[in-house]
Each structure stands twice: as C-alpha cells, then as structure tokens.
Amino acid sequence: MTSMSPLADSAGPVPLPVVPVLEVGGSHVTAAAVDLDRATIADGTRRRLPLTSGIGPEDFLAALAEAANGVLSATALGARAVGGTWGIAVPGPFDYARGIARYQGVGKFASLDGLAVGGLLTPRLSRRPDRLRFLNDASAFALGAWHAAHTGSRRLVAVTLGTGVGSAFLDRGTIVEDDPRVPPEGRVDLLTVDGRPLEDTVSTRAMTTHYTNRTGRPVDGLRELTALAAVDVIARDVITSALRALGGALAPWLTAFEADTVALGGSITAAWPLIGPPLAAGLTQDSPRLQRLALSVHDDGEDKALLGAAVFAARGA
C-alpha cells in the first residue's frame, strides 16, 4: 500500500518527497535519502561511517558531514528533495529543539556534551540546508515502523533493546511525551524494577554482568549471550528473567495508553524466539487484556529509524 500525500488534485496524488536523513547510533552514523512514497531508502544513497567510543567533537562533526555530503552528491534527491530539510535521529539526552548534545556523564559520547551539533554541522554541508530537525532515535524508529506498516494502528508503542532501552509512544502517528498515560518524556528507561532503574535489569550491561556474576565467566555483549542461551541454562535464565521483568514494567503503561501495537527493535530482536515468550508472559501476567496486543519485530531497525527521521522532517518542512 502506497502512502498518499494530503495534497492531491484531479491529476492524482502529489508524490511525497525524497528526504535526506542522518541516523546516529552508538557506533556509527548512517546517512541516506528516503523515498517516502515507497517507504524505502533511495538506491545508492546510503552512507555509513563508524563512530569510535569516546569520539571528540571535531571527529564527530566530520563523520556526520562526510556521510551527509555523500548523500547530497547522489542524484536521487533531485527535484523531489524536501526543501533542504534534514531529519536527524540521535540518542538522548539531547536538546532536540535546539540541536545541542546533553551527554554529560554518558560514557562513549561524554566529550560531546554541550556540542551545538545543528549550528556546527550546517556550514559543513556542501548544500546548505533550510533546516535540521532532530528527534530521538527511538521516536524515529517508532515513526518508521508506523509509516511502513500502514496498518491503521491507533496507538503504537516502540521499544528498542540493545545497549539500553529506548521507547516512544505514538497516538495516530504523533509522538506523545507529556501525558499522564505515558512515562515521563515517554521514556521507559526511567521506570524501575524492584526499586532500581529498569536498565539495571534490562540492558546489555545488566544482562552480561548478571551472567558473569553467576558464572564467573565474562561474555562479550548480547550477541554472545543469546548464542550461549541455546546450550547454557544460566544464560537463558538471565535473558528470560530480564525480558519478563521488562514486560511487567511495560504492562501498566501499555494498558493506560490503550496501546494496540508494540514494535520491537534493536540488536536483541535477532533472538526473538528466545525473548518473545518471556516478554509476552510479563506483559500479560497481571494484564490479561494485553493478550490482544499486536507485537511486531523489526530486525531492520536502522532502516526504520531512517524512514522515521524522514517522516519527521517532511512534517516540519
């Protein structure tokens, strides 16, 4: 099903634009041009560069500019580009309205705290943008999942599982952050489990630490931990306990928000047969009505975040 622009005449719908976007992850930056009509990345426009841990401001801006300028040199933008408005998905904490990083004490990005990314990136682009629109990376993923599905979902909640837990709440495609039906700022990472921050239970750090504490053996990230779970009962127990706890923490908020769909992304979704059952059990243990909840799993989280950033940019162009 092809999305339709609200602007149409007797000649048919006006094509939606091709939108330039950036997606900043913990270890990379990806730039692309997104074809909103087809909900796909325009051929030949994806540019992905690494971001090293502890990267400094100059190298960070240089990487973003190099990736973005690679897209600008592609012919796919052409006349359908949306007025030079970029969508840029970045992890928080970040001042999205002003384009300023707020990474005080945030390990790998700590040196970027206070960096005016928007103001300093603009003059580095080979084609000066009309506007840069920043949004949270989990919100971008949520918008991308919503736009691509065309399912008519009324209230979608997105949860990304990886280094930490990201989230976004959408009401008919609109991001909801300041509402009593959602956690503060729409952030489930601010929830608690047994009086402790959620990410002390559900995160790469938490799960690998719990495994090492129980076995004395270090493990290199979620990929190795989920692989071990096939033969190691302790690895399986660590993961299933964490996902069940996540479901229990989410359930009251999904009920209050009257969510009909939960979209899941992040590195751990590759192990969905392992994580799906305990998550579902946690969701429904005290909330039977959530048995009707649709769970959609997306192992193409980067593509969905790029798409969502484009949707966000096009709305504000």
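The structure is a predicted model, in which local features need pLDDT of at least 70 and side-chain atom pairs count only at pLDDT 80 or more, while totals for chains, interfaces and linings use all residues. Residues are numbered from 1 along each chain as its sequence is written, and side-chain values use heavy atoms, with hydrogens and water left out.

**Overall build**

- The protein chain contains eight helices and 17 strands, where helices (H or I, at least four residues) and strands (E, at least two) are DSSP runs numbered from the N terminus.
- The radius of gyration of the protein chain is 20 Å, which agrees with the value near 20 Å for a compact globule of 317 residues; it is taken over C-alpha atoms, and the globule rule is 2.2 Å times the number of residues to the power 0.38.
- Along the principal axes, the C-alpha atoms fill a box of roughly 55 × 45 × 35 Å.
- Of the contacts with a separation of 6 or more, 63% are between residues 24 or more positions apart, a contact being heavy atoms within 4.5 Å.

**Burial and surface**

- Buried residues make up 52% of the 317 residues (buried: under 20% relative accessible area; exposed: over 50%; partly exposed: in between; 1.4 Å probe, protein chains only).
- The protein chain exposes about 14,500 Å², of which carbon and sulfur atoms supply 52%; accessible areas come from the Shrake-Rupley method with a 1.4 Å probe, and for residues only the protein chains shown count as cover.

**Charges and salt bridges**

- There are 29 positive and 32 negative side chains, and the centres of the two sets lie 2 Å apart; Lys and Arg count as positive and Asp and Glu as negative, without His and the chain ends, and each charge is placed at NZ of Lys, CZ of Arg, CG of Asp or CD of Glu.
- The count of salt bridges comes to 18, each being a side-chain nitrogen of Lys or Arg within 4 Å of a carboxyl oxygen of Asp or Glu.
- Asp171 and Arg155 form a salt bridge (3.3 Å, N to O), which links strand S12 (residues 165-171) with strand S11 (residues 155-161), the two residues being 16 residues apart.
- Arg98 pairs with Asp95 at 3.6 Å between the closest N and O atoms; Arg98 is exposed at 57% relative accessible area, whereas Asp95 is buried at 19%.
- Asp300 and Lys304 form a salt bridge with closest N and O atoms 2.7 Å apart; Asp300 is partly exposed at 27% relative accessibility, and Lys304 is buried at 12%.
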